[in-house]
Amino acid sequence: MGNGRRRQARARRGGLVTGPVPHREVQDWIRAADAGALPSYYEGCSVALLEMLAGGLFTLAHDVGNAADVIRPGANGEIVPRDAGAWAEALERALARPRGRVLALGAEFHWSAVVERTERVYRAAIAARNAAS
C-alpha cells in the first residue's frame, strides 16, 4: 500500500483495489479515491457505503441493503445492475466525472439524527410494553 505519497501516486496511475485496510486509514483512502464501489451482492446497512458517501465519493453499488436509501442517482452515485458490463460502464462514467467531492449524505443520516430516531423507537417500544403490563 505504501505511505501517503506513494499511495496517492498509485491511486492516480489507475484503479486500485486495496482489500481490507485498518480502520484508522479509511478516511485517508477515501480522500485519495476518485470514486467508491460496493459491488457486494449481500449487505445489511453497509458502513463502508456510508463512509464513502460521507466522504463525498461518487459511489457505485448494487441495490442491496441500504444502498437505494442513501444513493441519490447522479448526485452522489449510481445503483448498478448485477452485470459485469454494466459495472464496467458505470466505473468509466464515475471516473470520467470532474474531480471533486459530490453531495454527501443528507442531514437525515448524520449520527445525531440516527441516534434521535433510534431513541424514539426504543421509547415507543418501552411505552408499548409498559401499556401492555
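Just after helix 3, Gly 56 takes a positive phi of about 80°. The model is predicted: local features need pLDDT of at least 70, side-chain atom pairs count only at pLDDT 80 or more, and totals for chains, interfaces and linings use all residues. Residues are numbered from 1 along each chain as its sequence is written, and side-chain values use heavy atoms, with hydrogens and water left out.

**Helix 3**

Helix 3 covers residues 47–54. Helices (H or I, at least four residues) and strands (E, at least two) are DSSP runs, numbered from the N terminus. At the start of helix 3, a side-chain oxygen of Ser 46 comes to within 3.4 Å of the backbone nitrogen of Ala 48. The buried residues of this helix are Leu 49, Leu 50, Glu 51, Met 52 and Leu 53; buried means under 20% relative accessible area, exposed over 50%, and partly exposed in between (1.4 Å probe, protein chains only). These buried residues pack against helix 2 (26–32), strand 1, strand 2 and helix 4 (67–70). Contact here means heavy atoms within 4.5 Å.

**Overall arrangement**

The protein has six helices and three strands. From the N terminus on, its elements follow the pattern α-α-β-α-β-α-β-α-α. Of its 133 residues, 29% count as buried. Among contacts between residues at least 6 apart in sequence, 36% join residues at least 24 apart.

Three strands form an open sheet in the order 1-2-3, with parallel pairing. The edge strands, strand 1 (36–38) and strand 3 (77–79), each pair on one side only. On average, neighbouring strands of this sheet are turned by 10° against each other, direction ignored. Two strands pair if DSSP finds at least two bridges between them. Strand 2 (residues 59–61) is joined to strand 3 by three bridges, and the two run parallel. Thr 59 stands opposite Gly 77 in strand 3.

Helix 5 (residues 84–96) lies across strand 1, strand 2 and strand 3, and runs at about 170° to strand 2. Axes are lines fitted to C-alpha atoms, for helices over the stretch in contact, and angles run from 0 to 180 degrees between N-to-C directions.

| Residue | Relative accessible area | Class |
|---|---|---|
| Glu 78 | 16% | buried |
| Ile 79 | 29% | partly exposed |

The side chains of Glu 78 and Arg 93 are joined by a polar contact of 2.7 Å. A polar contact is a pair of N or O atoms within 3.5 Å; within protein, one must be able to donate a hydrogen and the other to accept it, and residues adjacent in sequence count only if both atoms are side-chain atoms. Not counting residues up to four places away in sequence, Glu 78 touches Phe 58, Thr 59, Leu 60, Ala 61, Ile 71, Ala 90 and Arg 93.

With the same exclusion of residues up to four places away in sequence, Ile 79 touches Ala 61, His 62, Asp 63, Ala 67, Ala 68 and Ile 71. The C-alpha atoms of Ile 79 and Ala 67, 12 residues apart along the chain, are separated by 7.5 Å.

**Aromatic rings**

Arg 82 lies over the face of Tyr 42, at 5.9 Å from the ring centre. A charge sits over a ring if NZ of Lys or CZ of Arg is within 6 Å of the ring centre and within 35 degrees of the ring normal.
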